[in-house]
Amino acid sequence: MLDKIFRDQSGRIVLWQWPNMPVLCWALFKVAALVSAGHLQSAFSSLSTAFLFVWAYLELAQGVNYFRRTLGAVVLVAIVISFFR
């Protein structure tokens, strides 16, 4: 069972992958939100959350193992909960 959780199809253990485009955009807009103020900060923060949502959805739908899919689901649920708070 642990093999199905942490290994990909080629048998490698995958916990971390090189950041893809949604993760890079999330980081870029998160930093931009931290160094800006006012309406621009709000816009950058919203964009960063949108890119994190896309990343989480892609991990949930296409993750290479159960760990990555679970990670996507947890982040997706956290985003939805924080949206309704």
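User: Leaving aside its neighbours within four places in sequence, with which residues is L76 in contact?

Analyst: Contact is a matter of heavy atoms within 4.5 Å, and by this reading L76, with its neighbours within four places in sequence left aside, is in contact with F53, A56, Y57 and L60. This is a predicted model, in which local features need pLDDT of at least 70 and side-chain atom pairs count only at pLDDT 80 or more, while totals for chains, interfaces and linings use all residues. Residues are numbered from 1 along each chain as its sequence is written, and side-chain values use heavy atoms, with hydrogens and water left out.

User: Which residues make up the largest nonpolar core, and which elements give two or more residues to this core?

Analyst: A nonpolar core is a set of buried Ala, Val, Leu, Ile, Met, Phe, Trp, Tyr and Cys residues joined through side-chain atoms within 4.5 Å, where buried means under 20% relative accessible area, exposed over 50%, and partly exposed in between, with a 1.4 Å probe and protein chains only. Here the largest such core has 5 residues, namely W55, A56, V75, L76 and I79. Two or more of its residues come from each of α3 and α4, and α4 gives the largest share, 3 residues. Helices in this naming are DSSP runs (H or I, at least four residues), as strands are (E, at least two), numbered from the N terminus.

User: How should I read the nonpolar surface patch, and which residues make it?

Analyst: A patch is built from residues with over 30% relative accessible area and no salt bridge, like charges being joined within 9 Å and nonpolar side chains (Val, Leu, Ile, Met, Phe, Trp, Tyr) within 5 Å; the areas come from the Shrake-Rupley method with a 1.4 Å probe, and for residues only the protein chains shown count as cover. In this model F53, V54, Y57, L58, V80, F83 and F84 make a nonpolar patch of about 710 Å². The elements that give two or more residues to the patch are α3 (38-62) and α4 (66-83), with the largest share, 4 residues, coming from α3. L58, one of the patch residues, lies in helix α3 and counts as partly exposed because its relative accessible area is 31%.

User: How many salt bridges does the structure hold, and which side chains meet in them?

Analyst: A salt bridge requires a side-chain nitrogen of Lys or Arg within 4 Å of a carboxyl oxygen of Asp or Glu, and the structure holds 2 of them. In one, R12 and D8 meet through their side chains at 3.1 Å, N to O; R12 is exposed at a relative accessible area of 55%, whereas D8 is buried at 14%. In the other, the side chains of R68 and E59 meet at 2.8 Å, N to O, and both of these residues are buried.

User: What surrounds R68, and in which helix is it found?

Analyst: R68 is found in helix α4 and has a relative accessible area of 6%, so it counts as buried. With neighbours within four places in sequence left aside, R68 is in contact with V14, L15, W16, Q17, W55, E59 and G63.

User: How is a pair of aromatic rings described, and what does F29 form with F44 and with F51?

Analyst: Such a pair is described by the distance of the centres and the angle of the planes. Rings of Phe, Tyr and Trp (its six-membered ring) pair if their centres lie within 6.5 Å, and planes under 30 degrees apart count as stacked, over 60 as edge-to-face, and the rest as tilted. A search of the whole structure finds 4 aromatic pairs. F29 and F44 form a tilted pair, 5.9 Å centre to centre with 35 degrees between the planes, which links F29 in helix α2 (residues 21-35) to F44 in helix α3, 15 residues apart. F29 counts as buried at 19% relative accessibility, while F44 is partly exposed at 21%. F29 and F51 form a stacked pair, 5.7 Å centre to centre with 10 degrees between the planes, and these two residues, in helices α2 and α3, are 22 residues apart. F51 is partly exposed at 26% relative accessibility.

User: Is S48 buried or exposed, and which residues does S48 touch?

Analyst: S48, in helix α3, counts as buried because its relative accessibility is 0%. Not counting residues up to four places away in sequence, S48 touches W26, F29 and K30.
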